[in-house]
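Hello,

Here is the structure I promised to pass on to you. Have a look at it first, and then read my notes below.

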There are 2 protein chains.
Amino acid sequence: MAELSGNALVGQSGGPTAVINASVAGVIAEALNHTCIEEIYGTLNGVLGLLQEDFIDLAAESQQTVRALRHTPGAALGTCRYKLKRPEDFERVLAVFQAHNIRYFFYAGGNDSQDTADKISQLAKTQGYELRVIGIPKTVDNDLPVTDHCPGYGSVIKYLGTTIRELACDHEAMGRHDLVSIVEVMGRNAGWIAAGASLAKRRDHPNDPPHLIYLPEVAFAPEKFIADVQRVLKREKYCLVVVGEGLIDADGNYIAAAEATDAFGHAQLGGAGEYLKNLVEQQIPGVKARSCKPGIAQRAAAHAGSKTDADEAYLAGQAAVKAAVNGETDKMITLVRGDAEHYTCETGLAPLADIANGVKKLPREWINEDGVSMNFQFARYAQPFIQGETVVPHDAGLPVFAHLEKVAVEKLLPPHETV
Amino acid sequence: MAELSGNALVGQSGGPTAVINASVAGVIAEALNHTCIEEIYGTLNGVLGLLQEDFIDLAAESQQTVRALRHTPGAALGTCRYKLKRPEDFERVLAVFQAHNIRYFFYAGGNDSQDTADKISQLAKTQGYELRVIGIPKTVDNDLPVTDHCPGYGSVIKYLGTTIRELACDHEAMGRHDLVSIVEVMGRNAGWIAAGASLAKRRDHPNDPPHLIYLPEVAFAPEKFIADVQRVLKREKYCLVVVGEGLIDADGNYIAAAEATDAFGHAQLGGAGEYLKNLVEQQIPGVKARSCKPGIAQRAAAHAGSKTDADEAYLAGQAAVKAAVNGETDKMITLVRGDAEHYTCETGLAPLADIANGVKKLPREWINEDGVSMNFQFARYAQPFIQGETVVPHDAGLPVFAHLEKVAVEKLLPPHETV
């Protein structure tokens, strides 16, 4: 494989997570090792910055900042949900790559973002422009195919597990057998996050909360829900329910749908928790229902993040650079779990086309027959992802996160209109 | 002062917090120092346990458990919102005290709980039963009079400050000037918690979130709210709004009131955040609104708790025992701030009658003229409360909390009916 010299560009796309910046840190740190990578740029707001030549010089950032990215939530380069569609957008991307001699493109994101990376890769191939494109997996939703799991997922379920353990202490104190506490969690199409909440149960304490988990994978039936809650309240002092935002009924309709859709046409959800709360209050006289909705805070909760997750996100960033330098392109880094009893994880590669717009479903056989709890197979799968605690430095009582200097790279082309 | 020998009883009442167990730990640890305290019992679920003789032997708990109480949220003894009203309840309380030779009664709670402690103290005095009653302040609401601040408050605002810093990282990434993010926080009558969220701003970054804070102290005007949001969106990439659950309009009505009331007749609130979210979406076309509601999780978030807060809660528990042994009764422990520039805190005493059902309002002069931000006087007041991080041990990736053995004390009286 001939060495390919030129500049590298890294971007972030889709919803931020607690660890997507760790992947960027991994890219920056690994790029330093390879002289064939002459400059390492970041594109601001993903492909939007690509279209508008909004690049920053990541080599100008301090080592402290790069290190701090490993515990900084959000997406330090900015992100976007812009979808490349128009032919002039694709032409522009290539023109920008050529102008800045970008030969390495690293894109951290979920399904839609890997699709974008794939299209860019195909375009470069078609046009005969030598470019190595490597995707880096990212999504709290944990729904990318091929990879064992996705960076971002471990931290969100660790945070939710922590929250549920704390709610348990609080709710246990009331001791009235009349409290129903509902926690609405993220998860548009799949119940991975809601299922992850099941890790809050202590070993050998099957009656610990969450007592009931309602997943998008199981059609929601209000009568069964009320019966489930009543059964738990007879046994326990309170009933803690976890519900995924994307809960659907037997006809496949969202339980709590809003009219709005995002730029990719996905329904914008919210309110499944409030819906269940009202249902409980209406159907079970004398019961108090409380709901909480961590909302976006759950995907940003680096202060309760998983060290395993952050380390794997960093590893994925490093692996992307290594793979590209070794001549790989049009691939996404995957996380590959070892076969041994003791959890190990290394990286692999999968064609972007196998990832783009694919969705990994929560296996039905990991859900118990009651439809509202997870079995040991799920626990065995997910438990390793929440191990170890991310250490976030504090100043004056609050966490301190990285703020990039964002030294702009000079624009070389005339402006480009985006829609 | 003649030494009073007998048994001690400690109870918890009202809403749990992240540090009310630290106060109980302080009581238990200090009780060990005084031989006049023969037994140290805990009453389960506050006065409910008192009426039903549901006592546990706290001396039977391990030292590890007592130490773990210092970082365990909730209320390990159980709590209640039961209000002593009927003459037969008061007679019963005295009978139980006599039967178990309870001579020291420590009650950790908020306004209503201190009122209960005061009534018990008055009753004992009237009946000539020698009893020393010391209240221990507790409330995330920070609204007890006389005391400089209340254990529980520092931890909730530290958690919210942490969450807002993380939301800032997340929201900053989108960069579209069209996101309004609403965080609904606790605070039924006063805006102390909402105000505390202002600490999330970094020093010398006045434009950091929270950009707008809506307090129960300032009558809510929808037109001004929309204008406020639009002003922020012109300047910032997103607008982060903090709203107290007890927001009221110009007529003094709750913005988002439910029919339900709790056992003390307080309106059960919720939904101010969703209300503002809908208002934004209706009134500002093209804007995306997101809401999050940490709900009960905010008062239980020991994993992001304040060491200062937990230490002061422990100190208050110790001080309660010391005061009672020294002959004090019918008083509540207060937290007294030193006059020096550098924050110091010691304990004082105030008559329970001065605390019971009193409410400390957030000073109007600490709110800026814009009505939606706090000035330096508030920051100077509250900043010390969030200093230092509570260390919570983890096992298999999740926090481990204390679980009491709860060795029951033998009942000596016939059962008593409660309502």
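Let me begin with the place where the two chains meet: 48 residues of chain B are in contact with 48 residues of chain A. Keep in mind as you read that this is a predicted model. On the chain B side, the elements that give two or more residues are helix 6 (153–174), strand 11 (288–292), helix 10 (297–300) and strand 15 (398–399). Helix 6 of chain B gives the most, with 12 residues. Sorted by class, the side of chain B that touches chain A has 21 nonpolar, 18 polar and 9 charged residues.

How are the two copies arranged? In general, two copies of a chain are related by a rotation about an axis and a shift along it. Here, a rotation of 180° with 0.0 Å of shift along its axis superposes chain B on chain A, with an RMSD of 0.0 Å. That is the relation of a two-fold axis.

Next, chain A by itself. Chain A contains 13 helices and 15 strands, and its C-alpha trace spans about 70 × 45 × 40 Å along its principal axes. A compact globule of 419 residues would have a radius of gyration near 22 Å, and chain A agrees, because its value is 22 Å. Of those 419 residues, 58% count as buried. Among contacts in chain A with a separation of 6 or more, 77% are between residues 24 or more positions apart.

Finally, a helix to zoom in on: helix 8 of chain B, residues 222–235. Helix 8 has 14 residues and reaches 20 Å from its first C-alpha to its last, close to the 20 Å expected at 1.5 Å a residue. Which residues of helix 8 of chain B are buried? They are B:F225, B:V229, B:V232 and B:L233. Seen down the axis of helix 8 of chain B, the buried residues fall within an arc of 100°, so they line one face of the helix. A handy rule goes with this: an α-helix has 3.6 residues a turn, so residues three or four places apart point the same way. On the other side of helix 8 of chain B, B:E223, B:A227, B:K234 and B:R235 are exposed. What covers the buried residues of helix 8 includes strand 6 (179–185), strand 7 (212–214), strand 8 (238–244) and helix 9 (272–283), which belong to chain B.

Happy exploring!

Terms used
Residues numbered from 1 in each chain as written. Chains lettered and ligands numbered in written order. Predicted model: local features only at pLDDT ≥ 70, side-chain atom pairs only at ≥ 80, totals over all residues. Contact = placed C-beta atoms within 7 Å. Helix = DSSP H or I, 4+ residues; strand = E, 2+ residues; numbered from the N terminus. Nonpolar A, V, L, I, M, F, W, Y, C, P; charged D, E, K, R; others polar. Least-squares fit on C-alpha atoms with pLDDT ≥ 70 in both. Expected span 1.5 Å × (residues − 1). Buried ≥ 20, exposed ≤ 12 C-beta atoms within 10 Å, placed from the backbone. Arc of directions from axis to C-beta. Rg over C-alpha atoms; globule rule 2.2 N^0.38 Å.
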